[in-house]
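Welcome! Have a look at the model first, then read on.

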Amino acid sequence: MRALILVGGFGTRLRPLTLSRPKPLVEFCNKALLLHQLEAAAGVSHVVLAVSYMSEALGAAMREQEQRLGIRISLSHEKEPLGTAGPLALARDLLAEGGEPFFVLNSDVICEFPFAALARFHRQHGGEGSLVVTRVEEPAKYGVVVSEADTGRICRFVEKPRVFVSNKINAGLYIFNPGILQRIQLRPTSIEKEIFPAMAQEGQLYAMELQGFWMDIGQPKDFLTGMCMYLQALRAQHPEKLHSGPGVVGNVLVDPSAKIGANCVIGPNVTIGAGVVVEDGVRIKRCTVLKGARIRSHSWLESCIVGWSCSVGQWVRMENVTVLGEDVIVNDELYLNGANVLPHKSIAESVPEPRIIM
Amino acid sequence: MPLKAVILIGGPQKGTRFRPLSFEVPKPLFPVAGVPMVQHHIEACAKVPGMKEILLMGFYQPHEALSRFLVSAQQEFKIPIRYLQEYAALGTGGGIYHFRDQILSGGAEAFFVLNADVCSEFPLQEMLEFRQQHGDAHSFVILGTTANRTQALNYGCIVANADTQEVLRHYVEKPSTFVSEIINCGIYLFTPAIFQHIGEVFQRNQQELVLEESSNGWQRAEVIRLEQDVFTALAGSGKLYVYKTDGFWSQIKSAGSAIYASRLYLNQYSKSHPERLAQNKPGGPIIRGNVYIHPTASIDSTAVLGPNVSIGEGVTVGAGVRVRESIVLHGASLHDHTCVLNTIVGWDSTIGRWARVEGTPSDPNPNDPYAKIDSETLFRDGRLTPSITILGCSVTIPAEVVILNSIVLPHKELSRSYKNQIIL
C-alpha cells in the first residue's frame, strides 16, 4: 500500500525549532516526527511526502530511512502551496498506481497510528473514503464530524458548533480509494472544506473512532502536551523503554547516550535526547531537551523545549513554554518566562514576560 | 579636646519605607554588611581621639534589642554609649536642644551629630581638621557631597564659597528648582554655640505660637528642624562651613538602599575589616566578591555566594544554593538549589528547594559618579515599581516557585509563585 504524508510548508507554527530543520525531522520523544509515522505504517511499501519546499536534509533523511525500513520514499514537491487536497492531485500517478486504497495523513498529528485497523474498516464498509475521528472535550473549538452510530457513515460536518452535535473531530488520518482523485483538481484545495462534504453527501465517507491519545503537535505548547500523552502510552505499552531510578519521577524518556548528574529530579513527562548532559542538582519537568544540549547545575525547567546543542547556565529558571532554538546559550542565573528564542542567540538578560528573542 | 557624638535614630513612626523589615527591629539596628546600621556610626565616632561619649537619640520606647545592642557596643568599643529618649518627635534640632545639658556634660568642646539612616565613610577626623584650617573656633561644619543636578533636588542643597567653603548665601532643603550640586550628608560638627542659634528659633517659635490664636494642639515650639530652621538662618553668617567629601555616601531610606549600603560597607571592609570578609577556603562555599558570613551560619560547600551578600546569625544555606546582592537575616534557611538575587530574606524565613527569589536592584546609575540611589516610590502609575524582593520575618516559600519583585509581609506561608505584588 501507499501513503501520502502532508508535510506542507516551513512549519512556522513550530518555530524556532523549524528554523534549523524541516518539521518532519524534529525529534518528538527522541524520534523524528516522520519516523513515528513511517514506522507505524506497517504494510505500506511506498510513502510520498507532499512538501512545498525543498530541503537537502529531508532528502538525505529519506534515503537513510528507505534503506533502514526497506520501503520506497518519494517527494512530491508543490511549486505553490496546494492546501490539504491539492497534493493528492499532484501525486495522482503515484497514488493511483496499482488501483489500491491509499493512506493520507497530516504530518502534525501524533497518535497510535491505526493503519491496519483503518484499512480493515475501509474494506468492510466499501465506501470511497474513511477518516479517523477522535473525541475532544470542547467540540465548540473545532469542526466536528456527525456520523451514524452503528455504521460510522458520515452525515455532515459542522464547523465550531454552538450547540452540541458531536464531540468527534477529524484526526487527520485517512484512507481513500483511488476514485477520490477524480474529485480533486491540481489547485489549492481544502480536503476538509471542499472534498469531504461532497463525499459525505453521497454517503461515501465513513468515520472510524480512534482508540487512545491524539494530538496535533504543530505548536510548541501542544508539542509538550502531545509528549505527555505519548509517554503515558509508552508507560502502558513499553514501560521498559522509560527511564527509572533515583530522582526519576513519572514518565521520563532518556536516550542511553545522555548523562544525568547527581541530585537531579527529572520528571514527570520529560524527554532527554542523545548526548544531552544534565549536570548536578537540576530539576526538570514537562520538557523536551533535544540532542546535544547541556543543562548546567541547579537549574529549574518546566514546560520548555530546549533546542539542539543549547547550553542553559547554572541557576537558570525557564518555564511557561520557553522554546530555545538550536545552539542558544542562556547565561547563568537568568529567568526565562515564555521566551521564544531564535537559533544561535546568546541570552544575557532575563525575560520575565513571554516574548520572542530575535 | 573633649568630644561627643549624637546619633539621631528617629522613632517607630519613621522608617515606614523600611517596612516590613522595621516591624521586627528598629530600623537603626537593621544589619547592613553584617552589623547593625548604627554600629558603623559608633565605630567611626569611637575612633576619633577625644571622643568621651556617644549618645543615641530618638523616640523609640525603651527596647530590649536596643538596650542589648548598647551594652554590647559599649563593651566592643570601650566607650560610654547611652540612649536619650525624646518625649516626642522633636525634630533634628529640637532633640539635641532638649538634651543640651547631657551633650555638654563633661565639658565637651565640640560634638558631632549624625543621622542614623545614612551610610558613609564618616570622615569625622577630616571634619575636625577642616574646621581648624578654616573659620574660627566656633564655626560649624556640614559634611557635603556632590550629587547630580536632578537628584540634588531631593536633598538639602548648599551654596558655598568656592575658596573658603563657607556656606555663603544659601542653604535650602529639597528645593523645587536647581540650587547647587553640593548636598547635605546629614553629618555635622557643632560647638556648644549651636544651642544659642537653636534657642533663638525656639524663642521665635514660642512667640509665634502665642500670637497665633488658632494654635493647633500638636504644634510645639520645641519641634525644631536643624536643616530648615537653623541652617537656612545661619547661611551667610560666616559660621557655617561645608566639608566636601569624595568618599562613599548614601541614604538608607528604603529596604532597597540597604542592599546598596551593604555593598558600600563590604567594599570598605577590604581596607577596614578584612577579617569580616569571607574567603574561599577548601571545604567552604565558593565566594565571589565581597561577602559577609556570620560565624554561626552553616553554609554548604557547594553554595556560591556573592558579590555583596550578607549572611546573618544561624542561617542555613543548603547544597547548590546561589545568593547574590542580598541580605539573609538571622535564622533563615535556604534549601538546596535555591537562587536568591537582589533580595532581603527576613528572619527565620524558609525558601524551599529550587525556588527562585529575585528582585530588581535600584542601584544608582553606574556611569554617573555623582548619582545617588533614588528614593523610589512604591507605586508608579498604579503599578508596583520593580524593586528588590523583601521577605518579612518567618515567611515560607515553597519549593520550585518564583517570587519576583515582591514584598511579602511577615508570617506568610506562600503556596505558589508571585510577581510584582505585595503579599499581605
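## Salt bridges in brief

A:Lys141 and A:Glu138 pair up in a salt bridge, with 3.5 Å between their closest N and O atoms. Please keep in mind that this is a predicted model. Over all chains, the structure holds 32 salt bridges, and a few of them are walked through below.

- A:Lys141 has 53% relative accessibility and counts as exposed, because exposed means over 50%.

**A pair linking distant parts of chain A**

- A salt bridge also joins the side chains of A:Asp108 and A:Arg13, at 3.0 Å from N to O.
- These two residues are 95 residues apart and link distant parts of the chain.
- A:Asp108 sits in the loop between strand S6 (102-106) and strand S7 (109-111) of chain A, while A:Arg13 lies in the loop between strand S1 (2-8) and strand S2 (27-28) of chain A.
- A:Asp108 is buried, with a relative accessible area of 10%, whereas A:Arg13 is partly exposed at 41%.

- In chain B, the side chains of B:Glu358 and B:Arg356 meet in a salt bridge at 2.9 Å, N to O.
- B:Glu358 counts as buried at 12% relative accessibility, and B:Arg356 is buried too, with a relative accessible area of 2%.
- Back in chain A, salt bridges with shared partners join A:Arg13, A:Lys23, A:Asp108 and A:Asp216 into one network.

Notes
Residues numbered from 1 in each chain as written. Chains lettered and ligands numbered in written order. Predicted model: local features only at pLDDT ≥ 70, side-chain atom pairs only at ≥ 80, totals over all residues. Heavy atoms only, no water. Salt bridge = Lys/Arg side-chain N within 4 Å of Asp/Glu carboxyl O. Helix = DSSP H or I, 4+ residues; strand = E, 2+ residues; numbered from the N terminus. Buried < 20%, exposed > 50% of the residue type's maximum accessible area, 1.4 Å probe, protein only.
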